[in-house]
Amino acid sequence: MRYSLYSLAKQAINGHRDWPKAWRNAAPKSRYDVVIVGGGGHGLATAYYLAKNHGITNVAVLEKGWIGGGNTGRNTTVVRSNYLFPESAAFYDHSVKLYEGLSRELNYNIMFSQRGMITLAHSRHDLEAQRRWANAMRLNGVDSDLLTREQMQSYVPALDYSPSARFPVVGGFIQRRGGTARHDAVAWGYARSASALGVDIIQNCEVTGFELGSDGVCGVHTSQGKISSGKVGLTAAGHSTLLANQLGFRLPLTSYALQAFVSEPIKPILDKVVLSPATGVYLSQSDKGELVIGGGLDLYASYAQRGNLPTVEAVTSGMLTMFPSFSRLRMLRQWAGVVDIVHDSTPIFGQAPVKGIYLNCGWGTGGFKAIPAGGWCMAHMIAKAEPHPLTAAFGLDRFTKGALIDEAAASGIAH
């Protein structure tokens with residue numbers, strides 16, 4: 001959508017009262033070809049690619065709150081594909097490639113900044129492990145470069161390189177195509193484009209139950225009435241287990257709070273995403289100058305979107321260990337998302353034990369970076385009733401086969 005300078009100025013003066021809506025505020029119909037439960041990035045991307053790639057436009061996205069109000073709006077916006085195993089690397093690199101063209105695809109600036117993702121090495125053992133990791137990435141077709149201590153000093157001069165540093169920086173490695181994107185813009189861009197293709201986005205519509213027949217699912221019960229459909233996609237992240245319980249099966253997921261923090265804005269000092277495996281902390285600097293800081297999970301299962309004080313202390317002390325010069329920064333805000341953790345730190349993606357139910361969950365701490373590829377592959381699975389080749393290894397059957405993909409090292413705290 002294009003506007004002249006005059007129309008933009010007019011809207012600014014009148015308080016945007018006549019600004020057109022980015023997507024339609026749809027009322028639910030009695031029946032849809034596909035119902036998507038969860039209006040975050042994965043759900044909206046699934047709906048968009050169902051319409052664009054497969055011509056399926058009679059689709060409803062049901063969100064119990066507002067779109068993007070869950071984990072999509074409660075993360076640290078990192079995009080990367082520096083994974084170890086071939087299955088993970090192929091999937092996440094497809095997502096990075098989609099991110100690289102997403103602003104043009106959606107005609108919506110998602111503010112994707114490929115500033116580079118750096119993982120620090122604090123010992124020769126770290127360097128050896130990262131050498132293997134970087135070589136595996138290259139074998140999988142993903143960019144990766146090892147960095148010396150001198151290169152690290154030129155890239156991130158604010159780190160503590162002193163002889164008395166608790167965790168000496170001896171090197172590291174970088175994925176240069178990694179970076180950050182604006183989380184709200186990703187949700188809004190997909191919502192606008194999906195709505196323009198005919199998808200109904202229905203907010204404040206909680207799914208309270210499912211209608212099951214002899215041949216699988218045939219509808220959902222919601223706070224706005226019953227909706228019939230023979231295909232239902234679940235993209236509800238940390239609440240996926242609650243929906244599965246309503247359907248009569250269990251998922252191997254545990255939900256935890258994952259906290260993040262934003263500091264007061266300061267002058268540009270950090271133009272990379274920097275992760276320290278030793279401290280369990282990573283951070284980047286936003287375009288507004290704020291430091292965006294993340295760390296590990298709270299250590300108990302929870303559906304609360306707030307987190308606890310010990311984790312706040314652990315993350316801030318870890319940051320100060322890396323960057324002592326940030327000691328006088330004030331924190332502006334803190335939040336938490338409810339993340340769904342799988343034993344092998346790999347998502348669950350495939351058909352559920354109930355026919356017509358399709359699963360997209362178990363992203364743990366890394367769901368944001370997976371949004372484009374997650375929606376792309378979920379749409380393929382729903383449209384064709386078979387897994388996309390990129391997600392064929394992510395099904396529930398891997399737990400019975402013992403074919404786990406243990407990505408804990410690559411996905412545990414880098415998000």
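## Surroundings of Phe-349

Leaving aside neighbours within four places in sequence, Phe-349 is in contact (heavy atoms within 4.5 Å) with Leu-359, Asn-360, Trp-363, Gly-374, Cys-377, Met-378, Met-381, Thr-391, Phe-394 and Gly-395. Phe-349 counts as buried because its relative accessibility is 1%, where buried means under 20% relative accessible area with a 1.4 Å probe and protein chains only.

## Basis of the model

The model is predicted, with local features needing pLDDT of at least 70 and side-chain atom pairs counting only at pLDDT 80 or more, whereas totals for chains, interfaces and linings use all residues. Residues are numbered from 1 along each chain as its sequence is written, and side-chain values use heavy atoms, without hydrogens and water.

## Nonpolar cores

A nonpolar core is a set of buried Ala, Val, Leu, Ile, Met, Phe, Trp, Tyr and Cys residues joined through side-chain atoms within 4.5 Å. The largest one has 47 residues, of which Tyr-99 and Tyr-190 touch the most other members. Among the elements that each supply at least two residues of this core are α2 (41-54), α3 (86-100) and α7 (183-196); helices here are DSSP runs of H or I with at least four residues, numbered from the N terminus.

Beyond four places in sequence, the contacts of Tyr-190 include Leu-44, Tyr-48, Leu-106 and Pro-372. A second, separate core of 29 residues includes Tyr-32, Ile-227, Leu-234 and Ile-357.

Methods. Buried means under 20% relative accessible area, exposed over 50%, partly exposed in between (1.4 Å probe, protein chains only).
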